[in-house]
Amino acid sequence: MRIQHTGVFATDAAIPAQPTERARARTRAHARVVRDLRERGGRGPRALLFAAGDVVVVSGLPGSGKSTLLRRAAEGGGIDSQDVRERWEARMPRLLPYALYRPLVRIAHYAGLYRALRSGAGVVVHDCGTQSWVRGWLARSAARRGRALHLVLLDVDPATARDGQRERGRGVSAYAFARHRRAVGRLVAAVEAGRPPRGCASATLLDREAAAALRRIGFRQAA
């Protein structure tokens, strides 16, 4: 595994798709990369580019800035469950608790994600980080098409994330936030140790400044 902690990173962070099973096996075995773009005072790259058809998962604490990053930088705005929730909320009676139709929102989100994956196009998707089965599903889907899964992980301290929740006017319960802290903490620790989650070809660590510097998360044109 190659771990990159310092130096200047090119905007092209692509891990190209391989045409044969042997080449794909070599990619999985040798091209797992960790990029640490934190603590650079916003002087990191302005773009992260991946191979055509790859899948990029953006994870982090609630309030860390995932949705903001996707809307600003992801091609097509990415796929964000928050967008689905807001569309449903606009149609539902104002006094109806979100908990009552949360399962329908999740079904709609995963249905949309499934359709995007079936299209074969590159996908940037919001992930809360607490459900490892989602990354497993995305990794298998990418592998079946000879493509790769990449993790972009926002490392934001809990107090800052709580402030972010207040700014957007929507928070999570103390219990849910504690669960997110544990899950994201494990992800950050594993990536810092050079161990991206299983199925991930690369992992990129961002702090708030590095995330704010990004203007594009996208994909190269297919050869």
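In which handedness does helix 4 pass helix 5? Select both helices in this predicted model: helix 4 spans residues 98–119 and helix 5 spans residues 132–144. Helix 4 passes helix 5 in a right-handed crossing. Their axes lie 11 Å apart and meet at an angle of about 20°; as angles under 35 degrees count as roughly parallel, the two helices are therefore roughly parallel to each other.

Next, display the side chains at this contact. Helix 4 contributes Tyr110, Leu113, Tyr114 and Leu117, while helix 5 contributes Trp133, Val134, Trp137, Leu138 and Ser141. By class, these residues comprise 8 nonpolar, 1 polar and no charged.

On the helix 3 side, the contact involves Ser81, Val84, Arg85, Trp88 and Glu89; on the helix 4 side, Tyr98, Tyr101, Leu104, Val105, Ala108 and His109. The contact residues divide into 7 nonpolar, 2 polar and 2 charged.

Finally, turn to the largest pocket, which holds about 1100 Å³ of space. Centre the view on Pro62, Ser81, Gln82, His126 and Arg168, the closest to its centre of the 41 lining residues. Colouring the lining by class gives 13 nonpolar, 14 polar and 14 charged residues.

Conventions:
Residues numbered from 1 in each chain as written. Predicted model: local features only at pLDDT ≥ 70, side-chain atom pairs only at ≥ 80, totals over all residues. Heavy atoms only, no water. Axes fitted to C-alpha atoms, helices over the stretch in contact; angles between N-to-C directions. Helix = DSSP H or I, 4+ residues; strand = E, 2+ residues; numbered from the N terminus. Parallel < 35°, antiparallel > 145°, perpendicular 65-115°, else oblique. Left-handed = near helix turned anticlockwise from the far one by under 90°. Contact = heavy atoms within 4.5 Å. Nonpolar A, V, L, I, M, F, W, Y, C, P; charged D, E, K, R; others polar. 1 Å grid on protein atoms, 1.4 Å probe; cavity = no way out; pocket = protein on both sides within 12 Å on 5 of 7 lines; lining within 4 Å. Points joined across faces, edges and corners; volume = space filled by probe spheres on them.
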